[in-house]
Amino acid sequence: MAFLVIIAGCNNFDKFDRKRWSETKDGIEFTYRANMLDNLLQTHNFKGMKLKRVTDTLGRPQGFKKQIMYYDIAMKLDTMPPSYIKRLYIHFNADSVVTRTEIFEHDAKKKK
């Protein structure tokens, strides 16, 4: 029993780690982001931060839409467009200050 506790205590996959956050399998799918997302949002309060500080923490986002930048968390690339997408949206104002974060999920198969 003590052995199991030690192994569970050594598992760092759930803790946010900048290097692991950026790792991909194939340049498209991010290997560790889904496992780190909860810890990231619990330990980093992005609201009120300048975008530069956010990108220093998370790296380059996958895209921008008006006053939102986003980071891909998970995708199911079985069709085009992907049938499942999960993203971290970071909303910001005209002064490039974060106003809120949002988890976006789209599952095409659930809509049928």
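Strands are DSSP runs of E of at least two residues, numbered from the N terminus. In this predicted model, His-91 lies in strand β3. With a relative accessible area of 10%, the residue is buried, because burial requires a value under 20%. The side chain of His-91 is joined to that of Glu-102 by a polar contact of 2.7 Å. Apart from residues up to four places away in sequence, His-91 touches Gln-67, Ile-68, Val-97, Val-98, Thr-99, Arg-100 and Glu-102.

Aromatic pairing was examined across the whole structure, and 5 pairs were found. In the pair formed by Tyr-89 and Phe-104, the ring centres are 5.2 Å apart and the planes meet at 5 degrees, so the arrangement is classed as stacked; the cut-off for this class is an angle under 30 degrees. The pair links distant parts of the chain, with Tyr-89 located in strand β3 (residues 84-92) and Phe-104 in strand β4 (residues 98-107), 15 residues apart. Tyr-89 has a relative accessible area of 8% and is therefore buried, whereas Phe-104, at 27%, counts as partly exposed. A single aromatic cluster is formed by Phe-16, Trp-21 and Tyr-71.

Charged side chains were also found over aromatic rings. The charged end of Arg-20 sits over the ring of Tyr-32, at 4.4 Å from the ring centre. For Lys-65, the charged end is placed over the ring of Tyr-70, and the distance to the ring centre is 5.6 Å.

Conventions:
Residues are numbered from 1 along each chain as its sequence is written. This is a predicted model: local features need pLDDT of at least 70, side-chain atom pairs count only at pLDDT 80 or more; totals for chains, interfaces and linings use all residues. Side-chain values use heavy atoms; hydrogens and water are left out. Rings of Phe, Tyr and Trp (its six-membered ring) pair if their centres lie within 6.5 Å; planes under 30 degrees apart count as stacked, over 60 as edge-to-face and the rest as tilted. Helices (H or I, at least four residues) and strands (E, at least two) are DSSP runs, numbered from the N terminus. Buried means under 20% relative accessible area, exposed over 50%, partly exposed in between (1.4 Å probe, protein chains only). A charge sits over a ring if NZ of Lys or CZ of Arg is within 6 Å of the ring centre and within 35 degrees of the ring normal. A polar contact is a pair of N or O atoms within 3.5 Å; within protein, one must be able to donate a hydrogen and the other to accept it, and residues adjacent in sequence count only if both atoms are side-chain atoms. Contact means heavy atoms within 4.5 Å.
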